[in-house]
Amino acid sequence: MVVVKTNFGETNGQEVSLYKITNKNQTSISVLSYAATWQNFEVVEDGVKRSLIEHFDNLNDYIKTPYEVGKTIGRVAGRITKAHFSINDVDYQLQPNDGANIIHSGDYGLQSQNFDSIVDSDNSVLFTHTVNGEDGFPGVLKVKIRYTLNDDDEVAITYSARTNHDTLFNPSCHVYFNLGESNIRQQQLRINSKHFLDMNAEKLPTGKMLAVTNAYDFKNFKKIGQGLKQLKPLDKFEFDDAYVVRDKAATLKSDKRAIDFYTDRNGLVIFTANPIDQQKASTHDYSSIAMELMTLPDAINHADFGETILNAGQKVSYTNKFKYRKLD
């Protein structure tokens, strides 16, 4: 295993570093100190390199593109209704950035921060950053994010945090996958889930968990294009949905390769998109699918959605894993 560090640019007077971890199979991941971003995931098949995730090769695109490509989002991923929550009968009002609501913890979330970084071992990189009250969140939150690649072609992302004040912690990686030769429609998805969240027009959970049926049923492998076609009678043209999962959450595959997704939390948000080409995005010509492993969104406002409260003095750690397999 080898880790190589290079300069990727500069933001607000700070150097942004890129780290590339390569294993014995010549599989590699590249990660950035800016937003603790998963910048690339490359495999070598029959002597040919192939990238499995959407990525940019310059820092400016990561800063200006609104799709949060590959970035760590948090301290809380997803939306919080009315940008408001309560912990132990204490109310907190955040700064909205999505109408009256807040998404991905606001304009100063982890996705806009440049992390300190070190090579943690011969196959891992550790990013650290402290946030202090940004966007109205309570508490000083010390965050550690470790990316690891092993010789079995498995990527692990571990999120750890502790705080001096009761607060929230539910981060994720906003990584977009494309395992095929062109757009995402011919690729097949299986989600090990019997329920997904009912959403209102603002893409906020209503509190109901619905049984997966028709377009939303990925219990068995189904082409993403078929699911999108099944959405049309509902006047919907994209997936932006949260599934209730556990452990082995999902598998995405093309004819030649697959990724298995694992998590120790209870949620998977899928989002069909085209972060690279806005014109194609406007016609629903999707290039990739985001697979965000996390506790179910807006959990602080729904008692049965999972725990996202981090109490003062408490330490918590979560791990998401992504396992590449070449198919025969």
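The model is predicted: local features need pLDDT of at least 70, side-chain atom pairs count only at pLDDT 80 or more, and totals for chains, interfaces and linings use all residues. Residues are numbered from 1 along each chain as its sequence is written, and side-chain values use heavy atoms, leaving out hydrogens and water.

Start with the charges. Side chains of opposite charge can pair when their charged atoms come close. A salt bridge here is a side-chain nitrogen of Lys or Arg within 4 Å of a carboxyl oxygen of Asp or Glu. The whole structure holds 11 of them.

One joins aspartate 98 to arginine 79, at 2.9 Å from N to O. Aspartate 98 sits in the loop between strands E9 and E10 and arginine 79 in strand E7, so the pair ties together parts 19 residues apart in sequence. Strands (E, at least two residues) and helices (H or I, at least four) are DSSP runs, numbered from the N terminus. Arginine 79 is buried, at 16% relative accessible area. Aspartate 98 is partly exposed, at 24%. Buried means under 20% relative accessible area, exposed over 50%, and partly exposed in between (1.4 Å probe, protein chains only).

Arginine 146 and aspartate 120 form another salt bridge, with their closest N and O atoms 2.5 Å apart. This pair links strand E13 with strand E11, 26 residues apart.

Lysine 203 bridges to glutamate 238 at 2.7 Å.

Now turn to strand E14. Arginine 162 lies there, partly exposed at 42% relative accessibility. Threonine 158 is also in strand E14, but is buried at 17%.
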